[in-house]
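Please find below my notes on the model, point by point.

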There are 2 protein chains.
Amino acid sequence: MKKKLTIGLFGFGVVGQGLYNVLSQTHGVKAEIKRIAIKDKSKTRTLPQELFTTDKTEILNDPSIDIVVELINDHEAAYAIVKEAIEKGKHVVTANKRMLAENLEEFYELQQRYGKSILYEGSVCGSIPIIRNLEEYYDNDLLTSIEGIFNGSTNYILTKVFEEKKSYADALLKAQELGFAETDPALDVEGYDAKFKLVIAIAHTFGVFVKPADVINIGIDKISATDLKYAKENNLSIKLVARAFKQGDKVFAFVAPQFIEAHHPLASIRNEYNAVLVEGAFAEKQTFVGKGAGSYPTGSAVLSDVSALTYGYAYEYKKRAQHEALSFSNDLRVEAVVTFEDQHSVSIKDFETFKSGYAANGKQLLQGILTLAQFKALSERDGVSVLLAANATFSPIAESVPEDLLAS
Amino acid sequence: MKKKLTIGLFGFGVVGQGLYNVLSQTHGVKAEIKRIAIKDKSKTRTLPQELFTTDKTEILNDPSIDIVVELINDHEAAYAIVKEAIEKGKHVVTANKRMLAENLEEFYELQQRYGKSILYEGSVCGSIPIIRNLEEYYDNDLLTSIEGIFNGSTNYILTKVFEEKKSYADALLKAQELGFAETDPALDVEGYDAKFKLVIAIAHTFGVFVKPADVINIGIDKISATDLKYAKENNLSIKLVARAFKQGDKVFAFVAPQFIEAHHPLASIRNEYNAVLVEGAFAEKQTFVGKGAGSYPTGSAVLSDVSALTYGYAYEYKKRAQHEALSFSNDLRVEAVVTFEDQHSVSIKDFETFKSGYAANGKQLLQGILTLAQFKALSERDGVSVLLAANATFSPIAESVPEDLLAS
Ligand SMILES: NC(=O)c1ccc[n+]([C@@H]2O[C@H](COP(=O)([O-])OP(=O)(O)OC[C@H]3O[C@@H](n4cnc5c(N)ncnc54)[C@H](OP(=O)(O)O)[C@@H]3O)[C@@H](O)[C@H]2O)c1
Ligand SMILES: NC(=O)c1ccc[n+]([C@@H]2O[C@H](COP(=O)([O-])OP(=O)(O)OC[C@H]3O[C@@H](n4cnc5c(N)ncnc54)[C@H](OP(=O)(O)O)[C@@H]3O)[C@@H](O)[C@H]2O)c1
């Protein structure tokens, strides 16, 4: 019933080597790596040199290769590889969230057109089987929200800064050494990486394809000493939270740092661990926790996809059939805490509804309701840090009053 | 590709009605309930009377019925129904953990023989998709342990007793009113229900069929005021923990109450929530949290199984192929806390290694290392409460020294 599959692997870095190791330690998966494409011919490798190539056609044009596993750190080259692999009749497994998020709708169509599968469990929260569960297990639940800690390096940094009082720079360096950080750390700390994963998760939670550029992301790079002090004084922690939820026929989504109460399920998620909270009408609240990055945890997610291909698995994007007319929107109000030092940076008038504030020793804090657009705009001002309030509520900005009502 | 399936349902209690409701609120599942068998003809029902029958042959002998969903509260009758359904060429979905645990090996063989599927996600930790993930997602990981809170009513009771200082009896009554408790509450509070689930999980984690009678279960029914006091003084909580782990070629498993430190992932699992911690060589530590009982959460797990049958899903018991010679064993040492009032109940000599103890106001507490057999024996003495110590370690009792070494 199961077929022995031949793999052409692109990339032999943190995840590529992780896959190689987990595949060779397990006996259940009928799959074998025939060739590995890398970038730099001169690097010494832990495997025989003849396995490696810098010529991608040696994999893409090899008819004996059934699966292309794409694990490189270049999203543009990755896009070309994935597309060509599918067009040449190969299945693809990839962990490249940026490339996926930017091209998901096209990849959905390519899969239909060529009858080949693109699997990407490793791209969202590393070892946590969230895509598979959304697709298969919650296939008929009416899901209302998904949220969580989707980026391992920022969570690692926040943990070190909070618990060990490490400096931000030291913590980032350590995350890079340990292999969780993206090659370009700005992708992690500015919230892009979490956003890419969120965009992928949205397709499998709500059946909607959203462009990453349409989703607001605010990172942890501007978190201030005032924020840390406020957190400590109120027994809060700070987490970078990615969330998407449905209200009426709209899907709202964004990534932003948030103050988190001590008993909240995300409060206890430390270091490179990720957590995903899913809420549905039937299964109610579900939490998944696991390592979000790292060689073996991500390699094991990739291995699971390879294993699934041995029995012909493909995502059906089941939620697309379920929801008819959901559309993405940013018309939302959020409750935010804004901190800054220069008193001219922010004023009460920047808020839709101002709630409270204080100033001490030149440090200022204002709290109130902002539209998502105002929230984003404030985050871009120099010397200003914005976070969602603890237990922030979110309310859609009501549709404008219908014309005929105004006329009467 | 997907086939419309016709369901014959047995039982229309908490879970049966939950399934009916979730099925009618979702549109993705191509399945319809044709007939419902119940026990008591005279009860008024929320659905038209002609849907119901007390004659099981009206379902089992109906060739138009593809799936029998078995949700009754009588494990012996359930066994006969499941067996006959399979023999008559129907797939089965059931949530009856006791019946499954007691007959799992036979059901495994029946599935092979008749080429029909028995699915039972709802039987283990309600809404948490643990069986499906063990089978599919961790199919090739080398799992080393599974543990967690597997019983919703005892966790509800412990939460109420600890947080709201409710009496044990009041808390139990409330759990029954809310529909989480088994019809016979002894199954919950004495740890049998958690054990049945553990036995099922072991088959999918390690590929080993274990008889429930061989697995030691100690419940929460003898927890003493001294235990509660000790917990409070040491900032601990008490949870009923089911666990199984592999060491060498042995699988160890048991259910027992345990003191839990405040930062432990199980400490924050409250009320009827369950949690499952899985540890493997590749994915490392994974946690799943969700409602372990209740009408919709359990109904949604049953719905997921029905949905899986629409695309021909069957468990492959993949771990049976992976591990060759694992066998179950109780030859283990554990660290325990033993409390009692009558000083003649327990002595230091009952321990393999005594560690510490105290007596005050007629309340006594002894802590030390016991074999699992001693632990179980102490738990059966009148007026004696036994719990695993916080962060208890477990060490296999070494094999006896080989004969030839003794001879030399
Ligand atoms: N690290 C994690 O924990 C993690 C977790 C989840 C997802 N991911 C994703 O997994 C992917 C790989 O990440 P990584 O951390 O393993 O990266 P990495 O350690 O930097 O390794 C990148 C690998 O890609 C190769 N490469 C780059 N450009 C190439 C090209 N055009 N053709 C062939 N090979 C090329 C490199 O070759 P050389 O060896 O010759 O330099 C290197 O082997 C990324 O998409 C990342 O976002 C990573
Ligand atoms: N409750 C939970 O949250 C939960 C969670 C996980 C698993 N489970 C399991 O799910 C199963 C059902 O539990 P439940 O809580 O739904 O039980 P319940 O509320 O007590 O309902 C039991 C149902 O079974 C019917 N029944 C009993 N014997 C029968 C027979 N011989 N033939 C046909 N129908 C019969 C009863 O009929 P009448 O209506 O005529 O009395 C009733 O409708 C049990 O195996 C339980 O362990 C329950």
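**Notes on the model**

1. A backbone N or O atom of K39(A) lies 3.0 Å from an oxygen atom of ligand 1, a polar contact in the sense of a pair of N or O atoms within 3.5 Å. Within protein, the term also requires that one atom be able to donate a hydrogen and the other to accept it, and residues adjacent in sequence count only if both atoms are side-chain atoms. Ligand 1 also has an oxygen atom 3.2 Å from a backbone N or O atom of I72(A), and an oxygen atom 3.3 Å from a polar backbone atom of G13(A). The protein buries 87% of the 910 Å² that ligand 1 exposes when taken alone; accessible areas come from the Shrake-Rupley method with a 1.4 Å probe, and for residues only the protein chains shown count as cover.

2. On the basis of the values: this is a predicted model, in which local features need pLDDT of at least 70 and side-chain atom pairs count only at pLDDT 80 or more, while totals for chains, interfaces and linings use all residues. Side-chain values use heavy atoms, with hydrogens and water left out, residues are numbered from 1 along each chain as its sequence is written, and chains are lettered from A and ligands numbered from 1 in the order in which they are written.

3. Which residues are closest to ligand 1? Of the 24 residues that surround ligand 1, they are V15(A), D40(A), K43(A), R45(A) and G294(A), where near means having a heavy atom within 4 Å. The shell consists of 10 nonpolar, eight polar and six charged residues. In these classes Ala, Val, Leu, Ile, Met, Phe, Trp, Tyr, Cys and Pro are nonpolar, Asp, Glu, Lys and Arg are charged, and the others, Gly among them, are polar.

4. For I72(B), a backbone N or O atom lies 3.2 Å from a ligand 2 oxygen. Alone, ligand 2 exposes 910 Å², and the protein buries 87% of that.

5. At the interface, 42 residues of chain A contact 42 residues of chain B (heavy atoms within 4.5 Å). About 3300 Å² is buried between the two chains, carbon and sulfur atoms giving 47% of this; buried area is the accessible area (1.4 Å probe) that two parts lose on being put together, summed over both. Y137(A), N140(A) and F282(A) supply 23% of the area that chain A buries against chain B, more than any other three residues.

6. The rule finds two salt bridges across the interface of chain A and chain B, a salt bridge being a side-chain nitrogen of Lys or Arg within 4 Å of a carboxyl oxygen of Asp or Glu. K291(A) forms a salt bridge with E284(B), the closest N and O atoms being 2.4 Å apart.

7. Over all chains, a search of the whole structure finds 52 salt bridges. D193(A) and K197(A) form a salt bridge whose closest N and O atoms are 2.7 Å apart. These two residues are separated by about one helical turn, because they are four residues apart in helix α9 (residues 192–205) of chain A; helices are DSSP runs (H or I, at least four residues), numbered from the N terminus.
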